[in-house]
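Student: Please take a close look at one part of this model and describe its surroundings in a connected account.

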Amino acid sequence: MDTTIDDRKRMESNQEGWNRRALAHVDSSYYDLDSFRAGKSSLRSLELAALGDVSGKDFLHLQCHIGLNAISWARKGANVTAVDFAGQALEIGRDLAKGLNVDIRFVEANIYDLPEVLKGSFDIVYTDYGVLNLLPDLPGWAKVIAHFLKPGGVFHIVEIHSILGAFQEVGGELRLRSELFTNGPHENEVGITYGDEYEGAREIDPYKQYSWPWTVSDVITALIQAGLRIETFTEVPVDCRQRLSSMVRDEQDPGFWRLPGDPIPLSWTCSARKPE
Ligand SMILES: C[S@@+](CC[C@H](N)C(=O)[O-])C[C@H]1O[C@@H](n2cnc3c(N)ncnc32)[C@H](O)[C@@H]1O
């Protein structure tokens, strides 16, 4: 690990990588833009049940990537502002929204700079699936959320469970590899991006990705210390993609995958409210 570069430089490397990934995601099996354009929602049962009726709500979506979920919330009547630092991802989102005649504001910014870039406050701040391990400062992230919530407003997150990082799959079986409590940043050369299915990864020009393997207790502590009141926290045995070859599609919600027998939680959700 090169300790001479700081977290800003690490995030710039991630930003370049996520621009490359966004371009590869235009024809990705995970995002399935043809079905989305034809009217299919990209939202899954977990977030739909947690947020309920969002119509008329001022809604801030952090790390929205190419914007499918942000557009889906807007299609359900929310007034959505969607933020990401990958400009290429937002271009794809803007084109999609325009083609679908959905009104949505995309803001290109590093979320740590957002309080200087974006004015206003929101009823709902939302983020989902694969966001936290790209962030070097979790207390700083939680402060940004608290900053943008109206008094009485709610933050909701659905995230991949970090416990999966403690395992590797060998011959279809899970084996402990024990990386859960190591501090970031981790540096990895990344030359592929995800598809829906295990075999569906696509090649991209390699970049250095920096990641920080936060535990769920890190997240809960950061939210509490930012002044938010945690209302719900759930762990669920479903994953948003087939991350391991032994995962099978969920019969109840085909947007999810599970491990046979549901041996460990694969995702978690949390709602936290800013006091009035
Ligand atoms: C795994 S993707 C999120 C995928 C999204 N949940 C979805 O379902 O499409 C992570 C996103 O976080 C963005 N990101 C990472 N670090 C960021 C930062 N510091 N500020 C803003 N966006 C960031 C990346 O550009 C990328 O689009």
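This is a predicted model: local features need pLDDT of at least 70, side-chain atom pairs count only at pLDDT 80 or more; totals for chains, interfaces and linings use all residues.

Tutor: Apart from neighbours within four places in sequence, arginine 8 makes contact with Asn110, Tyr112 and Asp113. A further pairing involves proline 136: although 128 residues separate it from arginine 8 along the chain, the two C-alpha atoms are 9.0 Å apart.

Helix 8 comes next. In this helix, residues 216-225, the buried residues are Val216, Val219, Ala222 and Leu223. Because these residues cover an arc of only 125° around the axis, they lie on the same side of helix 8. Their cover includes helix 7 (138-148) and strand 5 (149-160), together with strand 10 (229-236) and strand 14 (267-273). Just after helix 8, glycine 227 adopts a positive phi of about 95°.

The cysteines remain to be considered. A disulfide is a covalent bond that joins the sulfur atoms of two cysteines. Zero disulfides are found in a search of the whole structure. For cysteine 64, the closest cysteine sulfur is that of cysteine 240, and the distance of 16 Å is too far for a bond, given that a disulfide requires sulfur atoms within 2.5 Å. Cysteine 240 is likewise in no disulfide. Cysteine 64 counts as buried, at 6% relative accessibility, and cysteine 240 is buried with a relative accessible area of 3%.

Terms used: Residues are numbered from 1 along each chain as its sequence is written. Side-chain values use heavy atoms; hydrogens and water are left out. Contact means heavy atoms within 4.5 Å. Buried means under 20% relative accessible area, exposed over 50%, partly exposed in between (1.4 Å probe, protein chains only). Helices (H or I, at least four residues) and strands (E, at least two) are DSSP runs, numbered from the N terminus. The arc is that of the directions from the helix axis to the C-beta atoms.
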